[in-house]
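Subject: Structure handover

Hello,

Here is the structure we talked about passing on. Please open it alongside this note.

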Amino acid sequence: MTVRGTVRAPSWWNLAPLGVVAGLSRTEGGVVEHDVVALTQRLVRAASMNPPGVEEAAGLVLAEQARAWGLQVSVQEVAERRANVIVRLPGAGTAPTLVYCGHLDTVPADSRGWDEDPLGGVIRDGYLWGRGAVDMKGGLAAMLTSLAALRQADVALPGDVVLAAVVGEEVDCAGSRHLDGTDVLDGAEWLVVGEPTDLDLVIAHKGAIRVQLVAHGKAAHGAIPELGANAVVAMSDLIAGLRVFPEGTVPYPLLGLPSVSVNTIEGGTAINVVPDLCRAVVDIRTVPGTDENEVLATIQAAADRAAAKVPGTDIEVSVMHVRAPVGTAADAPLIRAAEETAVRVLGSSRPARGAAYFSDASVLAPPRRLPTLLFGPGQEKYMHQPNERVSTTALQEAAAFLAALPRTLYGVAR
Ligand SMILES: [Zn+2]
């Protein structure tokens, strides 16, 4: 078995010698109940806020724990002090690979608005508190613990299970974009992303197209505006009632219609000067089936019409970035296996639903047409908020689910 995608660790990467991290402490039902909570705690204490985007400490915690648990670990340097950590549980056969994916970075936090230290990992009232507890160090810990439990139980899966812990999701998906360009996902057939879903089965999420609009005109004295070309007026005409989807666009099940929101605008320099420049940024949220080129063509046509009404102006439309929407059929084998696993492990069926946020699946799933499930501990209402916290029971349930899912999916006796 070769470890695909292995690279030599960068010089700044200092894995502790083997043996300093405790191994599996105890098992119950094949899953290590204590360890998923302890690992989440250690990940929360290893700050990896983005910006600035230094995930080294959290990556080391994950990599050291994986190695101590006897799993194959490799790292991919994405930038200085930023590395994806790839953990592989090799399968015994040639079946396709199941990929677990999560991000190592978190949004920033300071102590304002918090009842506990955001980097403390305190456990109180049944919750583990801290930045990233929900989004998504708890999910990562559950994924790694599930791999360790599978290894410890010596389950002979016919395909590899790979955990890709990536950097940069909160800003530009730098880690998953890097991963996308390597061979780690060769042979992958299914993707599970551990974003918080409150243990629901999220089978679709929105995508995004961020567009910048720049109106150019001609400056003039405010007392003789007819000598100028007012960029703010041209922009106003464009954004008032901006529609970017054709009439009759059909809602996507679980996600509804695409949306558009003009979220920043600036223009003009003084009360007595006709503005020659106006900029706006538009946040478009897409659903599976949205035609990105059609959206951009629609905006460009509207921009041209608006500029034509104010002679001397023109409006440039440029794409800042695109994140693809993701949608998997409810009857896809991965989703069926997840439903069966939920009933067996969590004791009841879990709803299949959509999520408004996007994830690393936007980068990883479309090029490989990977059926995708989002599943993780924690409630979305705590994401990016003070007092972010995850139920310790949910951490354990997520780890148990993730340890059982591969067996269901591959049809391996339990
Ligand atoms: Zn996240």
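Below is what turned up, by topic. Please keep in mind that this is a predicted model.

Cysteines

The disulfide count is zero. Take Cys101 as a case. Its nearest cysteine sulfur belongs to Cys173 and sits 9.3 Å away. Cys101 has a relative accessible area of 0%, so it is buried. Cys278 is buried as well, because its relative accessibility is 1%. The cut-off for buried is under 20%.

Ser362

Where does Ser362 lie? It belongs to helix α8, which covers residues 361-368. Is Ser362 buried or exposed? It is buried, because its relative accessible area is 6%. Which residues does Ser362 touch, leaving aside those up to four places away in sequence? The contacts are His205, Arg323, Ala324 and Val326.

Salt bridges

The search of the whole structure gives 17 salt bridges.

- Asp110 and Arg112: the side chains meet in a salt bridge, N to O at 2.6 Å. Asp110 is partly exposed, with 38% relative accessible area. Arg112 counts as exposed, at 66% relative accessibility.
- Asp172 and Arg177: this salt bridge has its closest N and O atoms 3.8 Å apart. Asp172 has a relative accessible area of 28%, so it is partly exposed. Arg177 is partly exposed too, with 44%.
- Arg243 and Glu247: the closest N and O atoms of this salt bridge are 3.7 Å apart. Glu247 counts as exposed, because its relative accessibility is 69%.

On the cut-offs: a salt bridge needs a side-chain nitrogen of Lys or Arg within 4 Å of a carboxyl oxygen of Asp or Glu. The Asp172 and Arg177 pair counts because its closest N and O atoms are 3.8 Å apart. For accessibility, exposed means over 50%. Arg112 is therefore exposed at 66%, while Asp110 at 38% is partly exposed.

In brief: zero disulfides, 17 salt bridges, and a buried Ser362 in helix α8.

Best wishes

Technical notes. Residues numbered from 1 in each chain as written. Predicted model: local features only at pLDDT ≥ 70, side-chain atom pairs only at ≥ 80, totals over all residues. Heavy atoms only, no water. Disulfide = S-S within 2.5 Å. Buried < 20%, exposed > 50% of the residue type's maximum accessible area, 1.4 Å probe, protein only. Helix = DSSP H or I, 4+ residues; strand = E, 2+ residues; numbered from the N terminus. Contact = heavy atoms within 4.5 Å.
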